[in-house]
Amino acid sequence: MLRATVKLCCGIAHDHLRRLPGLKVAAVAAIQKDLRGLVARGSRRLPSKIPCYIQRQMGKETAACPEPPGDVNPSVDLSYIAQGERALQRALSILQQPTSWQAETMLDTGATVSSAALPGLGKVFRVEVVLAVPVARLHRELFERIEQMPQWNPTLSRVKVLQRVGTDTLVTHEVTAPSPGNLVGQRDFVSVRHRGRRETAVYLVGTATHLQPLPSQEGCIRAESRLSCMVLQPLAGDPGCTRITWLLSMDLKASAAAPLGAGRPGGWIPTSVINRVLPQSQADFIQHLRRHLSA
């Protein structure tokens, strides 16, 4: 199925497909579905084998393929889809398996915070909150309108979509805003963002990617999102409200070579500070989001 879909996408099988670029949109969606199945079955060869194979198949006649409508690129790198699907599966595993979450605090936003140390991720913070907004609107603001986030979230100075892969995967570059007295300093992130659906829930996941070369921004340290997953579920008995469950694990790439305030952006940051900064950043985000949605 995967081979046939790729051939369909590139117009290899039939010359007349080249005159029907709309079929590529459906083909990319079908490829995404096949990759989801492979990831769910735990294919360890997915990142290294399948994307290269797909690229070889697409490379046969990429030049002959017309430019498709919308955001689908004929040279789409399906490695991004694979990364997004793996991040989604990892988040689902965390959410579905019993984990000893330790209560952290109740944030000013009314959200509860807990944390757990997980293999391969380190400390993961879990925030749960209910917002009086339907899932569809939250989904639109957090994924489809992601580049508009700095307009309502002052902790971000810029969010740029570098690449759209199919309908459910984005490659983004985010830059945090400078803040007087900010112990962490400015960071920037290059991430794969991916959305998935399970019954009535929408899953918005993110993870750092190294596939998109992008120089670090002046005055910033390139940090990484190990895993971010925001689950949007309609509140039982009230579909006009959404229960948000947000998992977050980050590597802020703090430099241990210089003490805080020694002239390097970020400097050395104690673990205790990082463990305060991350849940506080989640609280700030939720607060700004609530204000934006109620405006």
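In these legends, two residues are in contact when heavy atoms of one lie within 4.5 Å of heavy atoms of the other. The model shown is a predicted one.

**View 1. Helices α5 and α7 meet through residues of both elements.** On the α5 side the residues in contact are R137, L138, E141 and L142, and their partners in α7 are F285, L289, H292 and L293. Sorted by class, this contact is made up of five nonpolar residues, one polar residue and two charged residues. Helix α5 spans residues 135-144 and helix α7 spans residues 271-294, and the two pack at an angle of about 115° with their axes 12 Å apart. The crossing of these two helices is right-handed.

**View 2. The largest pocket of the model is lined by 41 residues.** The volume of this pocket is about 1100 Å³, and the lining residues that lie nearest its centre are T155, L156, T176, M250 and S281. Two or more lining residues come from each of α5, β5 (169-176), β6 (187-198), β7 (201-208), β9 (224-235), β10 (238-251) and α7. By class, the lining of the largest pocket holds 22 nonpolar, 14 polar and five charged residues.

**View 3. The second largest pocket has a lining of 14 residues.** The volume here is about 300 Å³, and Q83, R86, A87, T207 and A208 are the lining residues that lie nearest the centre. The elements that supply two or more residues to this lining are α4 (79-96), β7 and β9. Of these, α4 gives the most, contributing six residues. The lining of the second largest pocket divides into seven nonpolar, four polar and three charged residues.

**View 4. Residue Q280 is placed in helix α7.** Q280 counts as partly exposed because its relative accessibility is 41%, a value that falls between the limits of 20% for buried and 50% for exposed residues. Although Q280 and V113 are 167 residues apart in sequence, their C-alpha atoms are 9.9 Å apart in space.

**View 5. Residue E199 is found in the loop between β6 and β7.** The phi angle of E199 is near 55°, which is a positive value in a residue other than glycine. For comparison, most residues other than glycine have a negative phi. E199 counts as exposed because its relative accessibility is 84%, and the cut-off for that class is over 50%.

**View 6. Residue T169 lies in strand β5.** T169 has a relative accessible area of 1% and is therefore buried, since the buried class takes in values under 20%. In sequence T169 and I81 are 88 residues apart, whereas in space the distance between them is 6.2 Å, taken from C-alpha to C-alpha.

**View 7. The whole chain, shown for orientation, has seven helices and ten strands.** Of its 295 residues, 47% count as buried. Among contacts in the chain with a separation of 6 or more, 60% are accounted for by residues 24 or more positions apart.

Conventions. Residues are numbered from 1 along each chain as its sequence is written. This is a predicted model: local features need pLDDT of at least 70, side-chain atom pairs count only at pLDDT 80 or more; totals for chains, interfaces and linings use all residues. Side-chain values use heavy atoms; hydrogens and water are left out. Axes are lines fitted to C-alpha atoms, for helices over the stretch in contact, and angles run from 0 to 180 degrees between N-to-C directions. Helices (H or I, at least four residues) and strands (E, at least two) are DSSP runs, numbered from the N terminus. A crossing is left-handed if the near helix is turned anticlockwise from the far one by less than a right angle, and right-handed if clockwise. Ala, Val, Leu, Ile, Met, Phe, Trp, Tyr, Cys and Pro count as nonpolar, Asp, Glu, Lys and Arg as charged, and the others, Gly among them, as polar. On a 1 Å grid over the protein atoms alone, a cavity is a set of points where a 1.4 Å probe fits but cannot get out, and a pocket is an open set with protein on both sides within 12 Å along at least five of seven lines; lining residues have an atom within 4 Å of a point. Grid points are joined across faces, edges and corners, and a volume is the space filled by probe spheres set on the points. Buried means under 20% relative accessible area, exposed over 50%, partly exposed in between (1.4 Å probe, protein chains only).
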